[in-house]
Amino acid sequence: MSVKIINSPRLKNLGVYNQAVQVTGGSLLFVSGCVSVDGEGNVVGKGDPAAQMRQIITNIQTILEEAGAALENVVKVTVFSADLDNRKVMNEVRLEMFGDHRPASSQVQVARLVDPDWLAEVECIAALPA
């Protein structure tokens with residue numbers, strides 16, 4: 001098996017991982033967990049779940065664009081939330097940004113995320129256009 005690595009130069013890589021991985025010859029793109037940081041690695045929207053979700057989805061869009069895809073290609077989303085009480089406002093942002101597109105989805109509350117200022121981390125799987 002061989003893979004194609006996707007890393008956007010517009011986003012700072014915060015860890016020992018790639019932003020996305022595609023199995024060569026396959027149509028699925030696996031996007032690593034994205035958090036609310038800008039291109040320099042600064043937290044965006046500290047304490048504001050709507051602002052953080054907007055930045056997270058914007059970061060996902062940036063990675064998808066590097067692979068020739070868009071939000072409409074996302075088939076599965078997993079949200080790791082620091083507090084499920086933020087679910088309603090985060091879902092409103094998801095509706096705003098995804099529009100009528102409704103990928104399969106899971107949302108779970110986790111004990112903590114790597115940075116205490118992060119309110120969520122979102123990973124997804126996209127089906128790349130032919």
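Is Glu-96 buried, partly exposed or exposed, and at what relative accessibility? I looked it up: Glu-96 counts as partly exposed, at 48%. Here buried means under 20% relative accessible area, exposed over 50%, and partly exposed in between (1.4 Å probe, protein chains only).

I note that this is a predicted model, where local features need pLDDT of at least 70, side-chain atom pairs count only at pLDDT 80 or more, and totals for chains, interfaces and linings use all residues. Residues are numbered from 1 along each chain as its sequence is written, and side-chain values use heavy atoms, without hydrogens and water.

**Salt bridges**

I searched the whole structure and found 4 salt bridges (a side-chain nitrogen of Lys or Arg within 4 Å of a carboxyl oxygen of Asp or Glu). Glu-96 pairs with Arg-54, N to O, at 3.0 Å. This pair links helix H2 to helix H1, 42 residues apart (helices are DSSP runs of H or I, at least four residues, and strands are runs of E, at least two, numbered from the N terminus). Arg-54 is partly exposed too, at 32%.

I then checked Glu-65, which meets Arg-10 at 2.9 Å, N to O. Glu-65 lies in H1 and Arg-10 in the loop between S1 and strand S2 (20-23), so the pair ties together parts 55 residues apart in sequence.

**Core**

I turned to the largest nonpolar core, which has 29 residues (buried Ala, Val, Leu, Ile, Met, Phe, Trp, Tyr and Cys joined through side-chain atoms within 4.5 Å). Leu-29 and Ile-60 are among those with the most contacts inside the core. H1 gives the most to this core, 7 residues.
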